[in-house]
Amino acid sequence: MNGDDACCEGALAAGCRFFAGYPITPATEVAERMSHRLPEVDGIFIQMEDEIASMAAILGGSWGGAKSMTSTSGPGFSLMMENIGLGICTETPCVVCNVQRAGPSTGLPTLVGQADMMQARWGSHGHYEIIALSPSSPQEMFDFTIEAFNLSEQYRLPVMIMADEVVGHMNERVVIPPADQIVTVERTAPTSDPAQYLPYQPDASGIAPMANFGDGYHMHVTGLTHDAKGYPTMTAEAQAWMVDRLIGKIRDNADKIISYDTMFLDDAEIVVAAYGISARSAKGAVLAGRQAGLKVGLVKLNTVWPFPEEFFSHLSTKVKALLMPEINMGQMVLELERLAQGRCQVVRITHPGGAIINPSTILAAIQDVFEETK
Amino acid sequence: MKYWRKPLDLGTIEVTRGIVRVIEGRCKGCEICVNFCSRGVLRMSDKFNRKGYHFPETIPGRECVNCRFCEAICPEFAIYSVETNGLA
Amino acid sequence: MSARQNRDPEPLHPHDELLRTDRIPHIWCSGCGIGIVFGALMSAIKKSDIPLDDIAVVSGIGCTGRMAGYIALDSFHTTHGRAIPFATGLKLARPQGNVIVASGDGDLLAIGGNHFIHAARRNIDLTVVCVNNFNYGMTGGQLAPSTPFGAKTTTTPQGSPDEPFNFCSLAAACGAVYVARWTALHIRRVTTAIGEAMNKKGFSFVEILAPCPTAFGRRNKMRRALDLLNFYYDRSVVKHGVHPDEASLDFNQRLVVGKFVDRERPTYLDSYHMVHQREIGDWPTIEHYSTMLAKEKTEA
Ligand SMILES: Cc1ncc(C[n+]2csc(CCOP(=O)(O)OP(=O)(O)O)c2C)c(N)n1
Ligand code: SF4
Ligand code: SF4
Ligand code: SF4
Ligand SMILES: [Mg+2]
């Protein structure tokens, strides 16, 4: 099946029962498949009037107790930004799948891009942390969608799946394990007496238990800065308490959230770090480099946000260069540059979008770096 | 519900059919209750509450008919009336 | 009964049962009509037979949008204009819930206008309570889609050149099943209308003309809330059942209020289930709504 379809199946396996979306290439197939799959599992699919509404609706759906999701691309992702911020601020679990196409603006609707990576990180106003995963195959579309739901339920925030047009449209075999082998995470329900319930007071896990609409807790949920009661509190102190918590719950758990795969790191002098479709090109290039006797390794990022800071900081002390191919003019590579702090060379392999980066381009860059650093 | 007890800031004036009570501290002095009381029972007091607003009081000798219009229209939930069963 | 979460131990006022009294006094100005409508909303909720746990209030942003923050029920203060789509998700995910959207004219019908018309078209089962104070109160009194032609706001200092919407006519044209307009002075009618709207299956719309003395009144020779309320008293005419297109708001002559629409139509969820249970044939031979309704009635 293709990546978009695999994403839907992953969502359903994770327990998604509400989807609100608006058609946009190359994410439309997600909505289309959801529109026939959700009714089969007593879920609700609704095509909204735009992506602003879609994002607002899945936040409502989530507070209504349903695991909720939307999917979009380029312009639609831009429209979702304000309500993604509402989801962050109100700590609403949900999943946003962005099947990236090339921008800016309408750009190349049918062709691949990876240029929304910083928008995913910083697109809504204010300072916050997010979680974003980047699948590089239909199988990962399935697996990472489940993971995205689990992370969103555990840490109470919108989790993004930063896919791309090629992964979304690529057809590959997807192994769907039996339901009892799929691990799903559910939000923690409050156990306190409703009269004592503080909807934003974290428990021992660092996350506040979440009541759904109808559970009898009569909570107030607002996008204004709020205290543990959920009440608007217009002070710098309340702001500090809230923002620290929103950021802390991700930063403090970064080790548990972050996932990456590595190849040939033991003796690698040069490491290619990549995510999404570009990680596949990178793998091809690294394998070819090894065949040619080059000591090159690979880091494939499964989680793109939070970024594995400690890992790359450390890696930068051991290697001569870090290379990052990505279908944008240099976004995630900024993180590598920041973390390397000049301890190793950081090389950008950029592409403005519309096509994938060929393994040969990456291999050539690897070879160049070996030449230079000889 | 317990509305028969008498909080300290409640001004209570008893008339035959209803008693109108004002939670003085909540009032913002908009005068809506005074203007639209069908029986002309209310007037604005000369006193100020702690927010600095005048609040309504009953005019001696006027009868509240417990229509609860003031209760329904007050934007501050600062006035209400209760039936007196003819007790004066 | 509900948790009297962190509120005064003893109620002072009959409304305190539903008020987050620890947040009182509220932010609304002296004489602001929002408090009046909020009182009516609480009365309607109390009078309804609907369990309090099943009721949610969703607001957008604005002075009116703060209503959600004062009601001691599940309540959601969302983003500017997006209360309706948020409420749509809430309702669809929990159909047994009774979802009330309470927000301002700008919120619901300027920035949120697109959501409004589509939710009405789909007949999402929501009660939409709109406090129409003819301007953007929260931001200090700018032009709204309801500002009367010629009225002064901070962004129309010489008078508005815009033609305002007739919200009721818009709601009706988009398919709302219940449409009523009252002024804040018609407080019992407002309470009844909200109650009827809550019990109505489908998209219900209650518009309340309300004073905003601070931002709107001050610039339009109605500095006190009383001035505007007296104006309503003099000019409003009750016309039940009149076509909302005819229910004009002409400040120079009369303000038509009343219950304009009360009709039946399958809700979004009714239709969703009918379609997915294959209860209707393939288009274009799909049974008409009326047939669907008839079927529903006989089943009931
Ligand atoms: C996206 C966005 N744009 C602008 C604003 C600023 N803003 C806050 S409330 C408001 C208007 C509210 O007017 P209305 O809905 O009529 O409510 P009222 O205050 O009159 O009750 C505006 C423009 C905002 N909060 N968000
Ligand atoms: S209850 Fe009626 S008669 Fe009595 S004070 Fe209030 S408005 Fe006047
Ligand atoms: S209506 Fe309420 S706020 Fe206004 S004067 Fe009367 S008691 Fe005070
Ligand atoms: S500005 Fe207007 S709408 Fe806002 S609280 Fe004051 S009177 Fe009410
Ligand atoms: Mg307004």
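**Chain C and its two partners in the predicted complex**

In this predicted model, chain C has an average pLDDT of 93, and 92% of its residues score at least 70. For the complex, the predictor reports an ipTM of 0.98 and a pTM of 0.95.

How are the chains arranged? Two pairs of chains are in contact, and chains A and C share the most contacts. Chain A and chain B are joined by no contact, and their closest C-alpha atoms lie 18 Å apart.

We can begin with the interface of chain C and chain A. Here 45 residues from chain C meet 45 residues from chain A. The size of an interface is often given as the accessible area lost when the parts come together. Between chain C and chain A this buried area is about 3600 Å², with carbon and sulfur atoms giving 59%. Two salt bridges are found across this interface; in one between Lys229(A) and Asp22(C), the N to O distance is 2.8 Å. Polar contacts link 24 residue pairs, both residues being at pLDDT 80 or more. On the side of chain C that touches chain A, the elements giving two or more residues are β1 (55–59), β2 (74–77), α2 (83–93), β3 (98–104), α4 (113–122) and α8 (268–276). Among these, α2(C) gives the most, with seven residues. Sorted by class, this side has 18 nonpolar, 17 polar and 10 charged residues.

Strand β8 of chain A (residues 220–222) runs parallel to β2(C), and three bridges join the two. Within this pairing, Phe76(C) in β2(C) has Val221(A) opposite.

Next comes the interface of chain C and chain B, where 34 residues of chain C touch 28 residues of chain B. The buried area is about 2500 Å², and carbon and sulfur atoms give 63% of this area. Which residues of chain C lose the most area to chain B? They are Leu12(C), His13(C) and Leu226(C), together accounting for 24% of what that side buries. One salt bridge is found here: Arg26(B) pairs with Asp16(C), their closest N and O atoms being 2.8 Å apart.

Methods. Residues are numbered from 1 along each chain as its sequence is written. Chains are lettered from A and ligands numbered from 1 in the order in which they are written. This is a predicted model: local features need pLDDT of at least 70, side-chain atom pairs count only at pLDDT 80 or more; totals for chains, interfaces and linings use all residues. Side-chain values use heavy atoms; hydrogens and water are left out. pLDDT is the predictor's confidence in each residue, from 0 to 100. Contact means heavy atoms within 4.5 Å. Buried area is the accessible area (1.4 Å probe) that two parts lose on being put together, summed over both. A salt bridge is a side-chain nitrogen of Lys or Arg within 4 Å of a carboxyl oxygen of Asp or Glu. A polar contact is a pair of N or O atoms within 3.5 Å; within protein, one must be able to donate a hydrogen and the other to accept it, and residues adjacent in sequence count only if both atoms are side-chain atoms. Helices (H or I, at least four residues) and strands (E, at least two) are DSSP runs, numbered from the N terminus. Ala, Val, Leu, Ile, Met, Phe, Trp, Tyr, Cys and Pro count as nonpolar, Asp, Glu, Lys and Arg as charged, and the others, Gly among them, as polar. Two strands pair if DSSP finds at least two bridges between them.
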